[in-house]
Amino acid sequence: MNQKLKVGILGATGMVGQRFISLLENHPWFEVVTVAASPRSAGKTYEEAVGARWKMTTPMPEGVKSLIVKNVNEIEDVATSVDFVFSAVDMSKDEIRAIEEEYAKTETPVVSNNSAHRWTPDVPMVVPEINPEHFDVIASQKKRLGTTRGFIAVKPNCSIQSYAPALSAWREYEPYEVVATTYQAISGAGKTFQDWPEMAGNVIPYIGGEEEKSEKEPLRLWGVVEDGVIKPAAEPKITCQCIRVPVLNGHIAAVFVKFRQKPTKEQLIEKLVSYSGLPQKLELPSAPKHFIQYMEEDNRPQVVLDVDYEKGMGVSIGRLREDTIYDYKFVGLSHNTVRGAAGGAVFCAETLKALGYIGAKNA
């Protein structure tokens with residue numbers, strides 16, 4: 001690509017917005033040229049607006065420090081300066097749905113980290129290795145919005161990334177019942193230990209809205225496009241508990257599965273380590289070379305050792321063994337703010353670019 005696409009970030013000053021900024025530094029295809037946030041940040045430089053709230057472990061990229069923050073609500077002003085936007089706005093779901101559609105109607109594609117549009121029937125919710133064919137529904141969405149170029153695409157909830165990839169690799173064995181418990185890092189709430197000190201040494205057995213997302217969103221990933229909408233799969237039935245634990249980055253899932261077909265442990269492991277998809281075939285910039293690694297050690301995966309597997313874009317599975325009630329049980333780990341949040345959205349945008357859905361506005 002000779003010229004990078006111009007990118008805007010909506011909600012650029014929050015933790016996910018900061019992760020977008022960090023991940024897009026030196027990206028081969030995309031360049032951040034516009035940052036937008038709430039009216040209280042508008043008019044300041046990005047460095048001034050974020051101030052001491054920079055939460056990434058790497059320094060703020062020099063290229064964004066002097067960008068003047070725009071008011072995210074001044075849609076035309078933001079949209080005219082970019083080819084597409086990433087959305088990480090912090091608003092109510094109704095407000096998010098409305099503002100993302102308004103951006104799309106300016107013929108600006110929106111790739112969203114937010115949950116507001118995950119159940120809009122003609123909005124694709126995609127993990128690029130699992131269901132890139134769901135981008136086909138964009139044609140129907142454009143008809144509804146009255147656009148030729150603008151649309152919305154989203155990535156799924158961060159917690160399901162630690163177990164849905166394994167279940168996807170095993171679909172031919174017909175998993176039909178799943179019990180999962182997720183142990184979720186504090187960065188999933190946009191927090192660090194500095195601004196949530198009461199989480200140190202603590203466990204909270206409740207995360208609002210997470211259990212419903214964890215039970216339902218995998219079924220949408222495995223659904224089919226019919227009559228211009230995505231129809232979720234009926235199985236496997238999933239029940240989930242979600243627990244907040246004192247870890248900065250990394251969601252772990254402990255999962256029990258029943259299969260209609262009866263695979264061996266060796267067959268299941270082979271399916272995991274050989275599982276790949278369109279991003280690997282296309283060699284997209286953020287694509288992990290190996291999507292899923294299987295770890296033989298009894299004490300792996302571990303957050304400290306394994307959360308950054310494949311630069312945070314890979315998934316680690318371990319402790320696969322037969323169960324006395326279910327067929328098998330296993331433990332999964334994924335990076336919740338890389339694969340699970342901003343990185344997953346960047347990955348979706350790369351896939352959309354490769355498939356021709358996103359390009360330069362003046363092309």
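Visitor: Why is helix H1 called mostly covered?

Guide: Eight of the ten residues in helix H1 (residues 15-24) are buried, where buried means under 20% relative accessible area, exposed over 50% and partly exposed in between (1.4 Å probe, protein chains only). The buried residues are Met15, Gly17, Gln18, Arg19, Phe20, Ile21, Ser22 and Leu24. This is a predicted model, in which local features need pLDDT of at least 70 and side-chain atom pairs count only at pLDDT 80 or more, while totals for chains, interfaces and linings use all residues. Residues are numbered from 1 along each chain as its sequence is written, and side-chain values use heavy atoms, with hydrogens and water left out.

Visitor: What covers the buried residues of H1?

Guide: The cover includes strand S1 (5-10), strand S2 (30-37), strand S4 (84-87), helix H2 (46-50), helix H3 (62-65) and helix H12 (338-354). Helices (H or I, at least four residues) and strands (E, at least two) are DSSP runs, numbered from the N terminus, and the chain has twelve helices and 14 strands. Just after H1, asparagine 26 has a positive phi of about 65 degrees.

Visitor: How do you know whether threonine 192 is buried or exposed?

Guide: Threonine 192 has a relative accessible area of 9%, so it counts as buried. Its place is the loop between strand S7 (175-184) and helix H8 (210-221). If residues up to four places away in sequence are not counted, threonine 192 touches Met15, Lys55, Ile186 and Leu248, contact meaning heavy atoms within 4.5 Å.

Visitor: Why is alanine 164 counted as buried?

Guide: The relative accessibility of alanine 164 is 1%, and therefore alanine 164 counts as buried. Alanine 164 belongs to helix H7 (residues 164-169), and, leaving aside neighbours within four places in sequence, alanine 164 is in contact with Ile130, Leu221 and Trp222. Alanine 164 and leucine 219 are 55 residues apart in sequence, with 9.4 Å between their C-alpha atoms.

Visitor: What makes strand S3 (70-71) and strand S6 (152-154) stand at the edges?

Guide: The open sheet has six strands in the order S3-S2-S1-S4-S5-S6, with parallel pairing. Strand S3 and strand S6 each have a single partner strand, so one side of each is left without a neighbour in the sheet. Two strands pair if DSSP finds at least two bridges between them, and S6 is joined to strand S5 (residues 110-112) by three bridges, the two running parallel.

Visitor: Which way do the residues of strand S12 point?

Guide: From strand S12 (residues 292-295), Ile292 and Tyr294 point one way, whereas Gln293 and Met295 point the other way, and all are buried. In a regular strand the side chains alternate between the two faces of the sheet. S12 also pairs with strand S13 (residues 315-322) in the parallel sense over four bridges, and glutamine 293 has serine 316 of S13 as its bridge partner.

Visitor: How do you know that the chain agrees with a compact globule?

Guide: A compact globule of 363 residues would have a radius of gyration near 21 Å, and the chain has 20 Å, which agrees; the radius is taken over C-alpha atoms, and the globule rule is 2.2 Å times the number of residues to the power 0.38. Of the 363 residues of the chain, 57% count as buried. Among contacts with a separation of 6 or more, residues 24 or more positions apart account for 76%.
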